[in-house]
Structures are given as structure tokens and as C-alpha cells.
Amino acid sequence: MLSLFVTVLVFTDRVCSSDSRASQDVHSPSENYLMSVWHNRLYVYSAAALLFGVWFSLKMTLKNKSFSKDAASWVSKAEQKNNNSSDRDAEVHVSGVKIFYGSQTGTAKGFAHELSEEVKTLGIPAEAIDMKDYDPDDQLADECVSKSVCVFLVATYTDGQPTENAEWFCKWLEEASTDFRYGKTYLKGLRYAVFGLGNSVYVGHYNTVGKNVDKWLWMLSGKRIMTRGEGDCNVVKSRNGSVQADFQAWKVKFVNRLQALARGEKKSCSGNCKTGGSCKNKKKEKQEEERAAAQNNSSEEELIESSSDEEESSPSDEKKSGSVVDVEDLGNIMNSVKKSKGKGEVQGDGQMVKLSKLNGVKRVEDEEERREMITPALREALTKQGYKLIGSHSGVKLCRWTKSMLRGRGGCYKHTFYGIESHRCMETTPSLACANKCVFCWRHHTNPVGTEWRWKMDPAEKILQDAVEKHQNMIRQFRGVPGVKPERYEEGLSVKHCALSLVGEPIMYPEINAFIRLLHFHRISSFLVTNAQFPQEIRSLVPVTQLYVSVDASTKDSLKKIDRPLFKDFWPRFLGSLRALGEKRQRTVYRLTLVKAWNVEEMQAYSELIALGQPDFIEVKGVTYCGESSASSLTMANVPWHQEVVAFVQQLADMLPQYEIACEHEHSNCLLIAHTKFKVDGEWWTWIDYERFQELAKAHEESGGQQSFSAMDYVAKTPSWALFGAQEQGFDPADTRFQRRNKTKDISGC
């Protein structure tokens with residue numbers, strides 16, 4: 001086809017060229033040019049077609065290249081989009097959790113490590129940090145941009161102050177929250193949660209540190225990820241029964257919230273903020289006004305308290321609980337409130353009720369609903385210390401002097417001063433709770449605290465029965481032990497004395513009088529120790545063999561420093577207890593514990609207190625060092641030497657015209673000052689005729705209290721070896737003194 005086309009073109013060209021040559025002679029030059037173009041039009045067409053073909057080919061080539069670029073660009077964009085999407089899916093929302101703890105007794109520290117391990121199981125890095133090892137001035141602002149979550153587990157210590165390891169952190173945070181140089185947004189972006197540890201028995205100081213830390217972080221624009229948690233060591237008011245259970249409940253909420261944050265979820269707003277309005281709709285100006293007002297107002301109560309778990313209940317919850325009262329009944333309720341004289345309690349249907357936060361009333365729990373004093377954690381701690389726990393609030397433990405006298409190695413100072421048989425003495429308490437947290441407590445504050453009885457109560461008969469049984473079981477463990485004297489072993493199985501001084505405050509037990517009567521019914525003598533915070537209970541106490549009051553300090557300031565009482569009116573209670581002791585006719589004792597550099601310089605003040613209560617005896621004992629404890633700053637340097645105790649007692653006795661030094665027990669670092677009425681014809685009668693006491697106590701009980709008796713009615717002569725200045729220094733010569741080679745001391749016992 002192509003060859004035919006070329007042949008036709010050549011033939012046509014020749015014909016045309018012959019025609020052109022024939023006509024050149026006839027036409028003008030211009031016409032000849034046009035004719036030439038006409039005759040050669042085939043070449044023109046061919047050139048045009050060739051140019052068009054080249055142009056078309058180039059255009060198609062460029063179009064193909066452009067399409068390839070566009071396709072590559074589209075693919076690149078699609079890949080980039082996919083990459084961005086995958087990057088977004090892999091974005092880290094929580095880089096780690098830092099758990100700061102302020103702890104005095106180790107509870108918050110234990111919680112911090114427990115929470116750290118829990119967070120690690122979620123695949124999120126976590127670490128527990130001691131607040132004293134962290135510099136907030138240099139490091140805390142970095143947490144705002146590190147995508148970490150900060151948790152603060154802080155305990156409240158004496159007088160609402162932070163623990164020793166958290167003092168600097170809290171001081172810096174407080175100052176920064178009001179320092180204009182840091183600014184209101186210094187911690188903007190910091191995500192945090194707070195859990196406070198406290199004891200609601202300390203009215204006015206409950207969880208103060210936790211509330212303050214939460215407040216100060218908020219004032220610096222930190223962002224709470226959840227409401228503040230509060231753990232209560234007071235099992236009566238604890239939401240979950242103990243501080244450990246409170247923490248477990250809070251931890252579950254925190255872990256759930258942390259998982260939501262790790263997924264990138266944001267906490268939705270209910271629109272019912274306590275401060276008014278919806279969180280999403282709050283204006284920036286209002287936030288600034290609130291922060292400014294918060295910085296100028298030291299209390300912050302209404303604003304900050306809304307972050308506590310105790311505010312989470314809604315009105316609907318109150319309705320479900322059945323505690324809301326109809327409006328028609330409000331008048332009757334308010335009249336009852338007025339009659340209660342502001343006590344906040346109303347009597348209705350034979351049951352005690354208390355006002356709730358709303359317009360309703362809430363019934364106080366019945367006896368069956370009350371909680372046990374001994375929580376599982378407390379039970380474990382006391383059991384490790386050798387306590388045999390009884391029921392829900394009592395305990396018994398074998399005194400080291402009981403063990404010593406069973407083996408013929410000497411008795412305790414009560415044996416020297418009052419003639420008790422140490423191997424027949426049972427050390428127990430019907431109440432493990434105490435109203436003080438003394439710095440020298442040898443129980444290391446593992447026992448609960450309280451100012452009134454709010455727990456379940458076991459009957460006195462059951463407590464005594466179990467106490468004697470458990471005591472006898474502990475004595476039986478010495479059967480066949482080398483050195484134990486058979487006759488003393490047999491005597492030890494028959495309890496003759498009961499020292500109600502094991503731990504806690506025995507006089508808090510509501511049935512203490514019934515318990516003492518049971519002791520006397522079984523011909524067991526009673527030695528009861530109280531911490532001088534319950535004057536009314538002392539007055540209503542039935543006669544005991546010997547009643548003690550601990551006088552650990554002689555001034556208000558030193559007593560607060562040493563005993564750390566829970567009562568706000570501790571000093572009037574203290575003085576009232578001494579006056580109540582002076583009203584007793586039976587034997588009374590002041591027990592003074594000397595703490596070097598704390599209370600040994602208050603000689604004149606001690607003499608005034610002695611004149612107030614006029615006790616029969618004054619025991620002065622050097623403090624016993626019970627080992628290192630995070631709950632106390634006491635060291636061996638605070639333990640006075642025996643000669644220092646002797647010097648103190650001699651100076652004190654010189655200031656007391658009716659008292660003299662009677663006895664000494666060097667092994668216990670203890671001396672006895674006695675009223676001179678017990679010195680008859682130049683001889684001391686500080687010992688007790690226990691059989692005579694039981695007869696007098698029985699007659700008193702049978703007469704309904706009409707037949708009374710005094711301390712002088714059951715005295716016995718003190719042996720010479722027990723007297724102050726004797727060569728034996730209070731050690732019974734019938735026994736053999738045993739010196740420990742390794743100098744290790746057993747600090748248990750009274």
C-alpha cells in the first residue's frame with residue numbers, strides 16, 4: 001500500500017512538472033511562484049503531516065510522563081497518608097508514671113511500690129520516688145512536657161504537717177503556688193493524681209497534706225486526672241474499713257483512668273461541676289478569677305474539697321439510700337436539732353441519728369454493723385510481734401520478765417516494789433486502741449488510735465477466758481525448757497496478777513469495770529495503766545489493786561511533743577485525770593518516763609503535778625530504746641544512764657516534803673518514790689498483801705460499794721534487798737543474775 005502511494009506521488013509529480021515547464025513562458029514571475037507551490041503541494045502536505053506527526057508524538061510523550069508523575073505523586077501521598085495514620089495509631093499518650101511518696105511509718109512507701117508494680121503490668125514504665133530525693137525546683141516543670149503522669153501518695157503527720165521526707169517538697173510547692181515569679185501556669189500540662197493518708201480521729205488535721213498538695217498543684221495549673229483519694233486509718237469512719245482497703249479501692253479507679261489515658265481518651269464532662277456551670281463552657285476569664293481568688297484565700301475549702309471522693313455521691317444516691325426526708329418533716333427535724341444543743345445528733349425511734357449533708361438524716365450503725373478494731377493488716381503486724389489476739393479488740397502477750405522468773409533469773413520491778421510474782425503475771429489489754437502516739441511507744445504505733453469507743457465490742461467474760469487460756473498455752477511452751485524451774489512452771493499456769501498495760505488504753509473499753517470485777521472474782525490482782533486522757537472514766541472506775549497514770553511530761557508543750565495526744569483539749573484532760581486520781585482511796589501511782597533532752601529538766605513542774613494528784617507512789621523509769629522506728633526520732637542518745645535517773649529522783653524527792661526514795665530496780669533502770677505514810681516505824685511497807693486485797697474487794701462488791709477501803713488496808717513489808725541503797729540494787733537474792741554475752745536486749749514487757 002505504501003509503495004502504491006509513493007508511485008502515485010511520483011507520477012503526479014512528473015505530470016505536474018511538465019505542465020509547469022510548459023506554462024513558465026506564458027505566466028508572470030509571481031504567478032509562476034504560485035504555480036510552483038501548487039505543483040509542489042504534495043511536498044508541502046507531506047512536510048505539514050510530518051510536523052504534525054512529530055508534534056503529536058512529542059505531546060503524547062510528555063502527557064505520558066506527566067501521568068506517571070501524577071500517579072507517583074498520588075501513590076506517594078497515599079503512602080504518606082497511610083504512614084501518618086499509622087504514626088497516629090502508634091502515638092504515645094502516657095510515657096510513664098512517677099509515684100511520689102511522703103511516708104513516716106512506711107505505709108505510703110509500701111503503697112507507692114505496690115502501685116508501681118501494678119502499673120508496670122500494664123506495660124507502662126513506672127517508678128516510686130521518695131520526695132526527699134526529688135528536687136521540684138529543677139525537675140517538676142519537666143513533667144509537664146514529658147507526657148508522664150505524676151501520682152502523689154502523701155501522709156499527714158503531727159499537727160497536720162507533712163512527713164519528714166516530704167517537708168521540703170511541700171514547702172516548695174506551697175511557696176511556688178503564691179509566688180508571682182513562677183506564674184499561675186507554671187505546671188500547665190502536668191497530669192496528676194493525689195491520694196492522702198490520714199486519721200479522721202485527728203479532727204481539724206485529717207488528710208491536710210493531701211488536700212494541700214492537691215490545692216497547690218491545681219493553683220499552678222496542673223490537671224487532675226481523677227478526684228483526690230483519701231485513706232483513713234480510723235477503721236470506724238474509713239469508707240472501706242481500713243486505710244489499706246481505701247487505697248485498694250482508689251487504685252482500681254486510678255488504673256482504669258490510666259488505661260483510658262494511654263488509649264488517648266479524654267475524660268468527658270458531666271456538666272455538673274461543683275463550682276457551677278459546665279466544664280466545657282467555662283470562660284477563661286472565670287478560670288482566671290477563680291485562680292486569683294484561690295491564691296488570695298487560704299482556706300480554699302469550697303473549691304478544693306470538690307475534688308475529694310467524698311463529694312462524688314449525687315442527690316440520686318442519697319435518695320436510693322433512703323436517707324432523704326420529706327419536706328413536711330423538716331420542721332420536726334430542725335426542732336430536734338435545736339434541742340440537741342448543736343451536737344448534731346437527734347433521737348428518733350429509739351435510735352441515734354445524725355444529720356446528713358442534705359436535708360435528711362442518716363441512722364448510726366447498730367452494734368452488729370460496727371466495724372472491728374483489728375483490721376487484717378493490723379492483725380498481721382501484731383501477730384508478727386508476738387501478740388495473741390483475742391476477739392476483735394483485745395490481746396495478750398508473754399512478758400520477758402515472766403520468762404525470766406520461770407528460769408530463776410529474776411523478776412521485774414513490780415516484784416521488787418510491790419511483791420508480785422512475775423511468773424504468775426498475765427500482761428493483757430481489753431483495748432488495743434490508744435488516744436496517744438507517744439514517741440517512745442515500744443509497739444511502734446502498730447496499734448489503732450481513737451478518742452472514743454466506736455468499734456464492735458466483745459463481752460468481758462469472753463476476753464478474760466481467752467486471755468487466760470492463751471497465756472497458759474504460752475506458759476506450756478516452756479515445759480522441759482532447760483533452766484525452767486518445775487515448781488515455778490506449775491505456779492505459772494495459775495494466773496495471780498494481771499497487768500493491764502500491754503498496749504493501748506484499757507480504760508477506753510466500755511466494760512472495763514466488769515472486766516476488773518471478773519479479775520477479782522477469780523482472785524487475780526489488777527494493775528491498770530492509763531494515759532491521763534479520760535478523767536471521767538477514772539472517776540467511775542471500780543477499785544483496782546493499783547491504778548497508774550502515765551505522766552510523761554510536766555508542761556503542755558512537752559506533753560504534746562512526747563505523747564502526741566489526739567484530743568485537742570489534751571492538757572485540761574491531763575490535769576483532770578491527775579485530780580481524779582487524787583480522789584481514789586486505793587493505791588495510786590504516777591509513772592514518769594525520762595527521755596533525755598526531752599523532759600528531764602522540768603523538775604519544778606513535776607513537783608507541782610505531784611502536789612495536784614497526791615499519788616501514793618511515783619515510779620521514775622528511764623525510757624527504753626525499742627530500736628529504730630520511722631514513727632519516732634528517738635535514739636540511744638535519749639536513754640538516760642541509771643546514775644542519771646538516780647540523780648533526777650534524788651533532786652525530785654528533795655522538792656517533795658512528804659515523799660522519799662523507797663526502792664530501786666537497777667536492772668530496769670527504775671526507782672520508786674513513796675509517800676512517807678508507807679514508812680511505818682522507820683520501815684517501808686510498799687509491798688501488797690494480795691489475799692487481804694481480795695477480801696476487801698469482795699466485801700466492797702457485796703456491799704454495793706458501801707464498805708470502802710484504803711491503800712493502807714492491804715500493805716505488806718518491803719524486804720531489805722528491795723530498798724534503795726541495798727547492795728542487791730533490787731535484784732531478788734533467791735534468783736540468779738544472768739548477763740547476756742551479746743548485749744542483745746529483749747525490749748518486750750512492761
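Start by selecting S708, which sits in the loop between α24 (690-702) and β23 (715-716). Helices here are DSSP runs of H or I with at least four residues, strands are E runs of at least two, and both are numbered from the N terminus. Before going further, remember that this is a predicted model: local features need pLDDT of at least 70, side-chain atom pairs count only at pLDDT 80 or more, and totals for chains, interfaces and linings use all residues. Residues are numbered from 1 along each chain as its sequence is written, and side-chain values use heavy atoms, with hydrogens and water left out.

**Around S708**

Is S708 buried, partly exposed or exposed? With 38% relative accessibility, S708 counts as partly exposed; buried means under 20% relative accessible area, exposed means over 50%, and partly exposed is in between (1.4 Å probe, protein chains only). Contact means heavy atoms within 4.5 Å. R585 is 123 residues from S708 in sequence, yet their C-alpha atoms are 8.3 Å apart. Show the side chains and you'll find a polar contact of 3.2 Å between S708 and R585. Such a contact is a pair of N or O atoms within 3.5 Å; within protein, one must be able to donate a hydrogen and the other to accept it, and residues adjacent in sequence count only if both atoms are side-chain atoms.

Next, select helix α21 (residues 570-582) and helix α22 (residues 603-613), whose axes come within 7 Å and cross at roughly 45°. That makes α21 oblique to α22. Axes are lines fitted to C-alpha atoms, for helices over the stretch in contact, and angles run from 0 to 180 degrees between N-to-C directions. Under 35 degrees counts as roughly parallel, over 145 as roughly antiparallel, 65 to 115 as roughly perpendicular, and the rest as oblique. On α21, pick F574, L575, L578, R579, L581 and G582; on α22, pick L609, L612 and G613, and you have the contact. By class that gives 6 nonpolar, 2 polar and 1 charged, where Ala, Val, Leu, Ile, Met, Phe, Trp, Tyr, Cys and Pro count as nonpolar, Asp, Glu, Lys and Arg as charged, and the others, Gly among them, as polar.

Stay on α22 and colour its buried residues: M603, A605, Y606, S607, L609, I610 and G613. Their cover includes α21, β16 (587-594), β17 (617-622), α23 (642-654) and β18 (659-665).

Bring in helix α20 (residues 556-563): its axis and that of α21 come within 10 Å and cross at roughly 100°. That makes α20 roughly perpendicular to α21. Here K556, L559 and K560 of α20 meet F570, W571 and F574 of α21. This contact has 4 nonpolar, no polar and 2 charged residues.

**Over to T163**

Jump to T163, in the loop between β3 (148-155) and α6 (167-177). At 0% relative accessibility, T163 counts as buried. Which residues surround it? Leaving aside neighbours within four places in sequence, T163 is in contact with G102, S103, Q104, A155 and Y157. A polar atom of the T163 side chain lies 3.3 Å from the backbone nitrogen of S103, and a 2.7 Å polar contact joins the side chains of T163 and N165.

**Zoom out**

The protein has 24 helices and 23 strands, and 48% of its 750 residues count as buried.
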